[in-house]
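Here is a short briefing to read alongside the fold. Please keep the sequence and the 3D view open as you go.

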Amino acid sequence: MNAKNGERRPPPDPTIELIAKSPVTSLTFGSGDTPAIISGHQNGQVIKWDNIILRPEKVLMAHNESVIWLTQIGEVIISQGRDGEVKFWSCLETEWRTAGVIPCAPYTFCNSSICLSNNQYFLSVPSDACAEIKVHKLTNLSDAHEFESLSSPHSFQPKDSKRFGMCMRTSSLVSSCLTPVLFVGYESGVLGLWNLKTTELLSEVKAHEDSIMGMDSWAHEKYIKCVTGSVENQIKSWWIKEFKFEEDKKVTFPNAGINALAIRRDGKIVATGGWDHMCRVFSLKKLNPLAVLSYHKDSVQCVCFALDHTLATGSKEGHIALWNIYK
C-alpha cells in the first residue's frame, strides 16, 4: 500500500456493505465460486445474503439466543447458539432443515471448531464444566443428510481446571505430521494445545494476563502458527514446533480490546476486530501493521476470510462489510 514518494495510501473502502437489524455476532462464507456471506446475529437469526442486490436471500431463526459460531461444510451449515445447541442445517433445498443437534454449554462466549482428518470430522464444543471441551467424531457430514456420531464425545479438561479457568476460544486443524490438534484459549490467559486423537495436553503457555478473546491457527509444512489477542492492546504470534509453544512476535496498537481474529487461508495475513470499531490487518510472518479499516460505528465482533481472500467484518451496530485487500 505504498504510493509514490514513499507516501502511504489511505485504506480502501468496503466493496459491499450489508445492514441487518440485529448485532452481528458471527460470520462465515458459503461454498461456490462467488461465495455468499452468511451471518449470525444476537437475536438468534442466521442470514444468507445476496451479494448482488445486497439483501437477505434466506433468513433462518436458528437459535433462541445469540449465534456464537458459524461454518459451512459442503451443503451443511453448522451454527452454535448461546441456547446450548450446535445445529446442523441441510441447505440442499429451498427450506433449510435440521440435520442434527449436539448439546454444548449454554450462555458461553466460547466458539466451537471443526477439522477433518482421515475422513473423520472432529467437532469441538464447550462444556458446562470448567476448562472442559467435548470433542465429537462425526461422519457423513458433508452430504447434507443425517450425520453420524461415531462414539460418545471425549473430554478435554486439564487436571488443574481452576488454574485455567473457563474456555474462551477454540481453533482446530490438522498439523504438518497429520495429527489433528486443538488450541484452547482460557479465561486465565493460558493457551493450551491438545492432541485430538489421544486427548493429551501437549503444551501450554501463559499467553496473556487476561482472558484470550481472539485466536486462530494455521498449519505450514514444517510448523504451526497461532495468533492470540486479549483485552490488552496487543496481539501475539506463536510458533508450534514438535508440539511445543515458542513465542514469535507481538505488536502493540493504540486501543485495547480484541473481539475476534482470523488468519487468511494462505497464511500471509491476519485480521483483528476491536472494541474501538476498527479492523486491523497485519502480516502473519512478522506482524507488521498493513492497514486499519475504519467503517464500523461500534465494536467489530467478528472477522473472517473467504477462499478468494475476501475479508468480511461484522459489528455490534448490525453492519457487515466486505473488503478486497491484499488479494
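Two strands are said to pair if DSSP finds at least two bridges between them. Strands themselves are DSSP runs of E with at least two residues, helices are runs of H or I with at least four, and both are numbered from the N terminus. This is a predicted model, in which local features need pLDDT of at least 70 and side-chain atom pairs count only at pLDDT 80 or more, while totals for chains, interfaces and linings use all residues. Residues are numbered from 1 along each chain as its sequence is written, and side-chain values use heavy atoms, with hydrogens and water left out.

**Overall build**

- The secondary structure of the protein comes to one helix and 29 strands.
- With a radius of gyration of 19 Å, close to the 20 Å that the globule rule gives for 327 residues, the protein is as compact as a globular protein of that length; the radius is taken over C-alpha atoms, and the rule is 2.2 Å times the number of residues to the power 0.38.
- Along the principal axes, the C-alpha atoms fill a box of roughly 60 × 50 × 35 Å.
- Of the 327 residues, 59% count as buried (under 20% relative accessible area, with exposed over 50% and partly exposed in between, using a 1.4 Å probe and protein chains only).

**The sheet S19-S20-S21-S22**

- These four strands form an open sheet in that order, with antiparallel pairing.
- Strand S19 (212–219) and strand S22 (244–252) stand at the edges with a single partner strand each, so one side of each has no neighbour in the sheet.
- The twist averages 20° from one strand to the next (axes are lines fitted to C-alpha atoms, for helices over the stretch in contact, and angles run from 0 to 180 degrees between N-to-C directions).
- Strand S21 (residues 234–241) pairs with S22 in the antiparallel sense over seven bridges, and Ile235 stands opposite Val251 in S22.

**The sheet S23-S24-S25-S26**

- Here too, four strands form an open sheet in the order given, and the pairing is antiparallel.
- Five bridges join strand S25 (residues 278–283) to S26 in an antiparallel arrangement; Met278 has Ser294 of S26 as its bridge partner.
- Leu290 lies in S26 (residues 289–294) and is buried, with a relative accessible area of 19%.
- The C-alpha atoms of Leu290 and Ala207 are separated by 23 Å, and these residues are 83 apart along the chain.

- Strand S10 (residues 113–117) is mostly covered, with four of its five residues buried.
- S10 pairs with strand S11 (residues 120–126) in the antiparallel sense over five bridges, and Leu116 has Tyr121 in S11 as its bridge partner.
- Two residues lie between the strands of this hairpin, and Asn118 in the turn has a positive phi of about 50°.

**The second largest pocket**

- About 410 Å³ of space lies in this pocket (an open set of points on a 1 Å grid over the protein atoms alone, with protein on both sides within 12 Å along at least five of seven lines; lining residues have an atom within 4 Å of a point).
- Of its 28 lining residues, the closest to the centre are Ser31, Thr34, Pro35, Ala36 and Asn51.
- Strand S4 (residues 45–50) gives the most to the lining, with three residues.

Note on methods: On a 1 Å grid over the protein atoms alone, a cavity is a set of points where a 1.4 Å probe fits but cannot get out, and a pocket is an open set with protein on both sides within 12 Å along at least five of seven lines; lining residues have an atom within 4 Å of a point. Grid points are joined across faces, edges and corners, and a volume is the space filled by probe spheres set on the points.
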